[in-house]
Amino acid sequence: MNRAIYDRMAEIDGAHWWFVARRRIIAALIEQQVRPRPGARILEVGCGTGSNIPMLQRYGTVDAIEPDDAARALTTERTGVAVKGGLLPHDVVLDDGTYDLIVLLDVLEHIPGDREALSALVPKLAPGGRILVTVPAAPWMWSAHDVAHHHQRRYTMAHVRKVLADSGLKVRHATHFNTLLFPLIAAARGLGKLRGQEDGDDAMPSPLVNRLLQGIFAAERRWVGRWSLPFGVSIGLVAEPA
């Protein structure tokens with residue numbers, strides 16, 4: 001992503017409804033589908049500006065990778081985690097058999113070789129380790145938001161399952177999420193296309209609207225770890241070596 005996107009993330013990722021509610025969704029997936037052991041070793045791939053790290057630290061010791069120099073420095077300043085640089089699949093040095101949980105949270109869609117990146121991470125899992133992936137869903141929803149964020153693709157459920165299988169992973173649990181707001185977001189993206197919108201669609205709403213959207217989105221944490229929601233703006237999967 002370009003510098004402006006990282007700077008904007010750093011401004012809003014602590015309070016914007018999407019970031020706050022998504023962290024609660026991810027926490028639910030970890031608690032219900034991963035259940036990491038006490039003192040688990042966790043790796044976040046593509047940690048961005050570091051907003052997920054405090055949540056992940058509730059479940060163990062966190063390492064992180066981020067290719068952008070400024071974002072990496074900001075994350076270290078914010079969290080105290082010494083973030084590694086480099087790009088998957090070949091430029092990141094990690095020890096095999098190390099991690100109980102590896103997370104890629106809206107990262108895979110940025111990587112041209114998604115299968116190669118995942119394949120490089122599988123050997124880094126400790127025995128019994130799992131990978132948690134979230135990606136944007138519904139390719140037909142492609143919009144200026146995806147362009148601004150340098151996405152390579154959006155995924156269908158069948159597509160992302162195939163990518164994981166081709167990478168040597170077996171899916172334990174898969175669900176869509178951001179389901180309740182799906183009609184509103186789909187309509188907003190469609191309207192943006194008609195208007196020729198070219199920005200990233202990540203403006204901070206008013207406090208009242210922000211709280212409302214956060215509450216609606218976060219309500220899905222009660223369901224995502226137990227059931228597979230049939231549609232949504234995003235997809236979340238928990239997988240283990242096949």
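This is a predicted model: local features need pLDDT of at least 70, side-chain atom pairs count only at pLDDT 80 or more; totals for chains, interfaces and linings use all residues.

User: Fine. Which hand does the crossing of α5 and α7 have?

Analyst: α5 passes α7 in a right-handed crossing. Helices (H or I, at least four residues) and strands (E, at least two) are DSSP runs, numbered from the N terminus.

User: At what angle do the axes of α5 and α7 cross?

Analyst: Roughly 45°, with the axes of α5 (residues 114–121) and α7 (residues 157–166) coming within 8 Å. That makes α5 oblique to α7. Angles under 35 degrees count as roughly parallel, over 145 as roughly antiparallel, 65 to 115 as roughly perpendicular and the rest as oblique. The axes are lines fitted to C-alpha atoms, for helices over the stretch in contact, and angles run from 0 to 180 degrees between N-to-C directions.

User: Which residues of α5 and α7 meet?

Analyst: From α5 there are D114, R115, L118 and S119, and they meet K162, V163, L164 and D166 in α7. By class, that contact has 3 nonpolar, 1 polar and 4 charged residues. Contact means heavy atoms within 4.5 Å. For the classes, Ala, Val, Leu, Ile, Met, Phe, Trp, Tyr, Cys and Pro count as nonpolar, Asp, Glu, Lys and Arg as charged, and the others, Gly among them, as polar.

User: And α2 with α9, roughly parallel or roughly antiparallel?

Analyst: The axes of α2 (residues 17–34) and α9 (residues 207–218) come within 9 Å and cross at roughly 20°. That makes α2 roughly parallel to α9. The crossing of α2 and α9 is right-handed. On the α2 side the contact uses W17, W18, V20, A21, R22, R24 and I25, and on the α9 side N210, L213, Q214, F217 and A218. By class, the contact of α2 with α9 has 8 nonpolar, 2 polar and 2 charged residues.

User: I'm curious about R22. Buried or exposed?

Analyst: R22 is buried, with a relative accessible area of 4%. The cut-offs are under 20% relative accessible area for buried, over 50% for exposed, and partly exposed in between (1.4 Å probe, protein chains only). Not counting residues up to four places away in sequence, R22 touches N52, L105, D106, T134, F177 and F217.

User: What about D106 itself, where is it?

Analyst: D106 is in the loop between β3 and α5. At 14% relative accessibility, D106 counts as buried. Its phi is near 55°, a positive value in a residue other than glycine. Most residues other than glycine have a negative phi, and most peptide bonds are trans.

User: Which other non-glycine residue has a positive phi?

Analyst: R35 has one, at about 50°. R35 sits in the loop between α2 and β1 and is exposed, with a relative accessible area of 56%. On the peptide-bond side, the bond from L88 to P89 is cis, with omega near 10°, and P89 is in the loop between α4 and β3.

User: Changing topic: what does T49 touch?

Analyst: Beyond residues up to four places away in sequence, T49 touches Y6, M9, A10, D13, A71, L74, T75 and R78. T49 lies in the loop between β1 (40–45) and α3 (53–56), and it is buried, with a relative accessible area of 2%.

User: And D96? Buried or exposed?

Analyst: At 53% relative accessibility, D96 counts as exposed. D96 is found in the loop between α4 (69–79) and β3 (99–105). Leaving aside neighbours within four places in sequence, D96 is in contact with P123 and K124.

User: Last one, the whole fold. How many helices and strands?

Analyst: The protein has 9 helices and 6 strands. Buried residues make up 54% of the 242 residues. The C-alpha atoms fill a box of roughly 50 × 35 × 30 Å, taken along the principal axes.

Definitions and conventions: Residues are numbered from 1 along each chain as its sequence is written. Side-chain values use heavy atoms; hydrogens and water are left out. A crossing is left-handed if the near helix is turned anticlockwise from the far one by less than a right angle, and right-handed if clockwise.
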